[in-house]
Amino acid sequence: MAEETQKAATPEAQTSTTTTEEVVAAEEKPAVIEKETPAPVPEPEPVASEKPAVVEEADAVGEGAVEEEKPKEETTGEVKITQSVSFKEETNVVGELPEAQKKALDDLKQLIQEALKKHEFTTPSPPTPKEEEEKKPAETEKVEVKEAEKTEAPSTSEEPKTEEEPKATEAETEASTPPPPPPVVEEKVEVKEEKVEEKVEEKEEEKKAEPSAAAETVVAAATEVEKVAAVDEDGAKTVEAIEETIVAVSAPTTEEAAPAAEPETAPAEEPKKEEEAVPDAPPPPPEEVFIWGIPLLGDERSDVILLKFLRARDFKVKDAFTMIKNTVKWRKEFGIDALLEEALGTELENVVFTHGVDKEGHPVCYNVYGAFQDKELYQNCFASEEKRAKFLKWRIQFLEKSIRKLDFSPSGICTIVQVSDLKNSPGPAKSGLRQATNQALGLLQDNYPEFVAKNVFINVPWWYLTFNKMISPFLTQRTKSKFVFAGLSKSTETLFKYIAPEEVPVQYGGLSRDGEFTVADSATDVTIKPASKHTVVFPVSEACILAWELRVLGWDVSYEAEFVPSAEDGYTVIVSKTRKVTATDEPVISDTFKIGEPGKVVFTIDNQTSKKKKLLYRSKTKPISE
């Protein structure tokens, strides 16, 4: 969701080579060089009062305030914020990687190649342990139902027997004739045994003559035994004798049936031989899998994609491979390819938009959370699960389109800088926004690894740091190391550390807007000390039209401009009379002046406040058209 260390450009380095500056200031006091460290916050203070202090400390990183405020870092948790500045984006050139990372990349490519040959990305994967555990309760319920049915079935079949038993006892009591004497029963049993043995011997002789009919003889013997048992009126002893004969007969039949089964298995091997001859056909070609329009293998951009997954999993090859498979699966289920062509409306185009690049060339994406103060917009996005799903689809679609514009070559720019504006953002009580944010964070972290070079939070309210602590456990340390937080008073200054003023939109303190100037016209930013004047001079060597843009953040200063000709007998021309510019006036002064002789245009900004002011300006000349 690629890392960088950026230094704020000094005013001296950004000053135009063709411009000289003259500073007419009041007495320079040593106190002018302020050390912008926040006032200490006592520990008994409530959380609400501690939050702004954390934001101010976060902005002091790199200005010598970190080491002095270490005791406060322990109580307010600023350590997490200071880590973001030290983060540096790694190289994507394979030849520049450490040996351990090269080996991890090679191992991952080998795993992917084997998976593509086996079509593992398109064939359904076996159920995971979690899915198996979820299935177990359902299976146990089915087994219990079957067992219950089985237990009910024999109970119903035994009912007639239980009814017959009492009838037999009643018949015995009512019968007037005594039961037959025991010797007669023994004779009958012996006769039955002799008959059974004779039949069994006959069947055994038939089995020897025809081994293939062994199974039939066993069945015939069993049927004969059943007939004999049915003829006899005396139940118990006759059945016992028959069971003994059946055991004696069945034992040898199984042994003799074994060799008879061998000729049956022999012809079954013939189809196998035919099947072994079939694989002469060539195997199917490896499948092709694309992510963000780039194949997983076979392209120089593929290594850049694989390195993103490896870095997201600390170069653990198996974990990275599993992440890739899950991402491919999720993209198919979510329907990413179709989503790119889907029309989802334009009502959010001012909420999330891309504008300009940072000093390293990364595209900058702005997220304006304050727009959700509009009740109608909030309801349309988060009022129900269906609307939150639609918002999530829109956000994923916007990200996918932004990613397709990146350069995935080894030396290209393949990450984005996110700027999240939290001014007037709905608070944590808005459950719909909170749920959508958590869901989006999970999807982005699982399926879009290493696409964020830096995440800058501006206009941060005190309550957001508490919310950030809540979602922090769900983020990796690498992701959190890219976070930068800035309060309301430090937001523009923080943006200028990473983004040039001509690339920053006007609403965030920059100069970028539709007009005569473009991002190709670089701007200069300087700091005006308290109770001092700052003069900017634009020299002109020939007749031309001079155009300029000028801005003081927060204004509350006086401004004037005049043209001074180079000739000694020339007259100074007032371009703009002295006037007071307040914070509610236009954010940028843009003007032109037609010059007919060599000279210079001088701008004077008088800052009579007790605060430092940030001045931005740029200019260019155009020939006079006849």
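Colleague: Why is cysteine 544 called buried?

Modeller: This is a predicted model, by the way. Cysteine 544 has a relative accessible area of 6%, and buried means under 20%, so cysteine 544 counts as buried.

Colleague: How many disulfides does the structure hold?

Modeller: The count is 0.

Colleague: Let's zoom out. How many helices and strands are there in the protein chain?

Modeller: You'll find 19 helices and 16 strands. The chain has 626 residues, and 39% of them are buried. Its accessible surface is about 36,700 Å², with 53% of that belonging to carbon and sulfur atoms.

Colleague: What makes the largest nonpolar core a core, and which members touch the most others?

Modeller: A nonpolar core joins buried residues of kinds such as Leu, Ile, Phe and Tyr through side-chain atoms within 4.5 Å. The largest one has 57 residues, and Leu108, Ile112, Phe121, Ile324, Phe372, Phe408 and Tyr448 touch the most other members. Several helices supply at least two residues each, among them helix 6 (99-117), helix 12 (317-334) and helix 15 (385-404). There's also a second, separate core of 25 residues, including Val526, Phe538, Trp548 and Trp555.

Colleague: Which residues does phenylalanine 121 touch?

Modeller: Leaving aside residues up to four places away in sequence, its contacts include Ile112, Leu116, Val289, Phe321, Ile324 and Val328. Glu287, Lys325 and Lys332 are also among them.

Colleague: Why is strand 15 described as largely enclosed?

Modeller: Because 8 of the 9 residues of strand 15 (599-607) are buried. Strand 10 (532-540) pairs with strand 15 in the antiparallel sense over 9 bridges, with serine 532 as the bridge partner of asparagine 607. Strand 12 (557-565) is also antiparallel to strand 15, over 8 bridges, and there glutamate 562 stands opposite valine 602. Pairing takes at least two bridges, so strands 10 and 12 both count as partners of strand 15.

Colleague: What about helix 19: how many of its residues are buried?

Modeller: 7 of the 8 residues in helix 19 (491-498) are buried, which leaves the helix mostly covered. Leu495, Phe496 and Tyr498 are among the buried ones, and Lys497 is too.

Colleague: What makes strand 4 and strand 8 edge strands?

Modeller: They belong to an open sheet of 5 strands in the order 4-5-6-7-8, with mixed pairing. Strand 4 (352-357) and strand 8 (483-485) each have a single partner strand, so one side of each lacks a neighbour in the sheet. Neighbouring strands here are turned by 20° against each other on average, direction ignored. Strand 7 (452-458) runs parallel to strand 8, joined by 3 bridges, and phenylalanine 457 stands opposite phenylalanine 485. Helix 15 packs on this sheet, touching strand 4, strand 5 (363-368) and strand 6 (416-421).

How values were computed:
Residues are numbered from 1 along each chain as its sequence is written. This is a predicted model: local features need pLDDT of at least 70, side-chain atom pairs count only at pLDDT 80 or more; totals for chains, interfaces and linings use all residues. Side-chain values use heavy atoms; hydrogens and water are left out. A disulfide is a pair of cysteine sulfur atoms within 2.5 Å. Buried means under 20% relative accessible area, exposed over 50%, partly exposed in between (1.4 Å probe, protein chains only). Helices (H or I, at least four residues) and strands (E, at least two) are DSSP runs, numbered from the N terminus. Contact means heavy atoms within 4.5 Å. Accessible areas come from the Shrake-Rupley method with a 1.4 Å probe; for residues, only the protein chains shown count as cover. Axes are lines fitted to C-alpha atoms, for helices over the stretch in contact, and angles run from 0 to 180 degrees between N-to-C directions.
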